Amino acid sequence: MKKIISCVLCAALLLTFLPAPAHAVTLTAVNDSILPLDESTMPARLGGETYVPYSVFTTLGVSASENDGETLSFSTAEGYVYDQNLNSYSTPAYEMNGTVYVPVKLCCAKFGFTYSSLTLQGENVLRVADGSAQSDSAFIAAH
């Protein structure tokens, strides 16, 4: 019995190290456009959250400079994030390969955007949109 349990555990461990299938790549779309597939646009999963490079939100008009509206301040070194009212949040930003990744759910909620996970022609697409974008079904039909 111990031998069977050991074999099952070893098999489960080996499965976690197998390469991901090709369809595991997730594309990023902003409003009605699919961004080019490269390191600066691809989302990542960290700690159970979905992250995108900060540049995805600059495409939607979010600025890194101070302004009078909603703000989120991230410190990748210290791992904290807070807003203009000094409320803190538990999903920090991360720096990977020289790119700052920010949490999609938090940023969309704070800045009034929506996000959705779609399947388009067999590919996974993370779509971040503002109020001017077409619906997800129209986006899929157009692409």
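Let us start with T99: leaving aside its neighbours within four places in sequence, T99 is in contact with P53 and Y94, where contact means heavy atoms within 4.5 Å. T99 belongs to strand β8, residues 99-103; helices (H or I, at least four residues) and strands (E, at least two) are DSSP runs, numbered from the N terminus. Is T99 buried, exposed or partly exposed? T99 is partly exposed, because its relative accessible area is 21%; buried means under 20% relative accessible area, exposed over 50%, and partly exposed in between, with a 1.4 Å probe and protein chains only. The C-alpha atoms of T99 and S55 are 8.9 Å apart in space, while the two residues are 44 apart in sequence.

A word on the basis of these values. This is a predicted model, in which local features need pLDDT of at least 70 and side-chain atom pairs count only at pLDDT 80 or more, whereas totals for chains, interfaces and linings use all residues. Residues are numbered from 1 along each chain as its sequence is written, and side-chain values use heavy atoms, with hydrogens and water left out.

I turn to the chain as a whole. The chain has four helices and ten strands. Read from the N terminus on, its elements follow the order α-β-β-β-β-α-β-β-β-β-α-β-β-α. Of the 143 residues in the chain, 30% are buried. Among contacts between residues at least 6 apart in sequence, 48% join residues at least 24 apart. The chain exposes about 9,000 Å², of which carbon and sulfur atoms supply 58%; accessible areas come from the Shrake-Rupley method with a 1.4 Å probe, and for residues only the protein chains shown count as cover.

The next residue is T76, in the loop between β5 (72-75) and β6 (80-83). With 35% relative accessibility, T76 counts as partly exposed. Beyond its neighbours within four places in sequence, T76 is in contact with A93, Y94, E95 and V100. T76 and Y101 are 25 residues apart along the chain, and 9.3 Å separates their C-alpha atoms.

T41 is placed in the loop between β2 and β3. T41 is buried, because its relative accessible area is 9%. Which backbone atom lies 2.6 Å from a polar atom of the T41 side chain? That atom is the backbone oxygen of P36. When neighbours within four places in sequence are left aside, T41 is in contact with T28, L35, P36 and P53.

N31 sits in the loop between β1 (26-30) and β2 (33-34). Its relative accessibility is 16%, so N31 counts as buried. The N31 side chain reaches the backbone nitrogen of D130 at 2.8 Å. Apart from neighbours within four places in sequence, the residues in contact with N31 are L60, R127, V128, A129, D130, S132, A133 and F139. N31 is not a glycine, although its phi is positive, about 55°.

Q121 likewise has a positive phi, about 50°, although it is not a glycine. Q121 is found in the loop between β9 and β10. At 69% relative accessibility, Q121 counts as exposed.

Now to helix α3, residues 104-111. Which residues of α3 are buried? They are V104, L106, C107, C108 and K110. G112 follows α3, and the phi of G112 is positive, near 80°.

The most comes from β10, with three residues. By type, the lining residues divide into eight nonpolar, four polar and one charged; Ala, Val, Leu, Ile, Met, Phe, Trp, Tyr, Cys and Pro count as nonpolar, Asp, Glu, Lys and Arg as charged, and the others, Gly among them, as polar.

Note on methods
Polar contact = N/O pair within 3.5 Å; in protein donor to acceptor, adjacent residues only side chain to side chain.
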